[in-house]
Amino acid sequence: MNNCSVNNLLDLSKTIAKELFDDVIFPWEVLPNIKEFIIKLGAVLDQNKFDNPQENVWIAKTANRYDTAYLSGPCIIDEGAEVRHCAFIRGSVIIGKNAVVGNSTELKNCLLFDNVQVPHYNYVGDSVLGYKAHLGAGAITSNVKSDKTLVTVKQSETNTVLQTELRKFGAVIGDNTEVGCNTVLCPGTIIGRECIIYPQSRVRGVVNARSIYKDPEHIIKRQ
């Protein structure tokens with residue numbers, strides 16, 4: 001399951017939350033700790049670079065937050081990020097440098113690395129999106145199983161299952177991955193670096209790095 005490890009999915013130099021991943025093997029292990037980490041980090045952020053307009057909310061002075069966007073702490077919006085009209089930030093969220101959070105996009109307990117784009121009608125909950133990951137319009141992470149049991153990570157190639165011990169866990173998306181419009185990422189989805197996910201896909205389990213994914217029967221390696 002090394003293709004699910006932090007080092008194989010994420011460039012930790014591309015997030016203000018690098019220290020959150022200390023002593024962690026799999027990215028989803030950080031999800032229960034995001035809230036506390038933000039509160040501690042926010043308290044030591046440079047006041048010359050970050051405003052603190054409300055309790056446990058820190059917004060970089062170079063970020064662009066539309067007046068109609070709703071922010072609930074704790075959250076950090078890093079330098080150069082843009083939070084657009086009617087975005088809904090529900091708390092325990094870090095939005096990376098130069099990231100884009102768009103119209104009616106909802107974020108909850110998640111990490112967006114630098115240059116992530118979730119620009120149109122997206123839901124990202126209990127998830128980690130790596131550097132330059134992009135969700136097409138309407139693409140979402142589904143973070144709770146229908147039967148409410150704990151989320152597992154399944155890899156069909158090796159017929160192995162990892163127990164996450166989490167009831168809420170959406171997806172981990174590796175660096176530079178493109179997810180097509182209206183795609184649903186089922187709970188416990190892991191997508192490797194530099195993948196392309198076809199629009200309107202339903203993805204579950206593990207998609208290896210540099211794959212082009214149409215459905216479970218049609219996955220090819222990028223050239």
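**Pocket lining.** I looked up which strands line the largest pocket of this predicted model. Strands E15 (151-155), E23 (206-207) and E24 (211-215) each supply at least two residues. E15 gives the most, with five residues. I then listed the residues nearest the pocket centre: Lys 154, Ser 156, Arg 204, Gly 205 and Val 206. By class I get nine nonpolar, seven polar and four charged. The pocket holds about 480 Å³ of space.

**Salt bridges.** I find eight in the structure. I checked Lys 97 and Asp 78, whose side chains meet at 3.0 Å, N to O. Lys 97 sits in the loop between E8 (93-95) and E9, and Asp 78 in the loop between E5 (75-77) and E6, so the pair ties together parts 19 residues apart in sequence. Lys 97 is partly exposed at 29% relative accessible area. Asp 78 is buried at 1%.

Next I took Arg 193 and Asp 175, with their closest N and O atoms 3.0 Å apart. Arg 193 lies in the loop between E20 (189-191) and E21 (196-197), Asp 175 in the loop between E17 (171-173) and E18 (178-179), so this bridge links parts 18 residues apart in sequence. Arg 193 is partly exposed at 24%, and Asp 175 is buried at 3%.

**Strand pairing.** Glu 82 forms a salt bridge with Arg 84, at 2.7 Å between the closest N and O atoms. Glu 82 also stands opposite Val 100 in E9. E6 (82-83) and E9 (100-103) run parallel, joined by two bridges. E9 pairs with E11 (117-120) in the parallel sense over three bridges. There, Val 100 has Gln 117 as its bridge partner.

Technical notes. Residues numbered from 1 in each chain as written. Predicted model: local features only at pLDDT ≥ 70, side-chain atom pairs only at ≥ 80, totals over all residues. Heavy atoms only, no water. Pairing = 2+ DSSP bridges. Helix = DSSP H or I, 4+ residues; strand = E, 2+ residues; numbered from the N terminus. 1 Å grid on protein atoms, 1.4 Å probe; cavity = no way out; pocket = protein on both sides within 12 Å on 5 of 7 lines; lining within 4 Å. Points joined across faces, edges and corners; volume = space filled by probe spheres on them. Nonpolar A, V, L, I, M, F, W, Y, C, P; charged D, E, K, R; others polar. Salt bridge = Lys/Arg side-chain N within 4 Å of Asp/Glu carboxyl O. Buried < 20%, exposed > 50% of the residue type's maximum accessible area, 1.4 Å probe, protein only.
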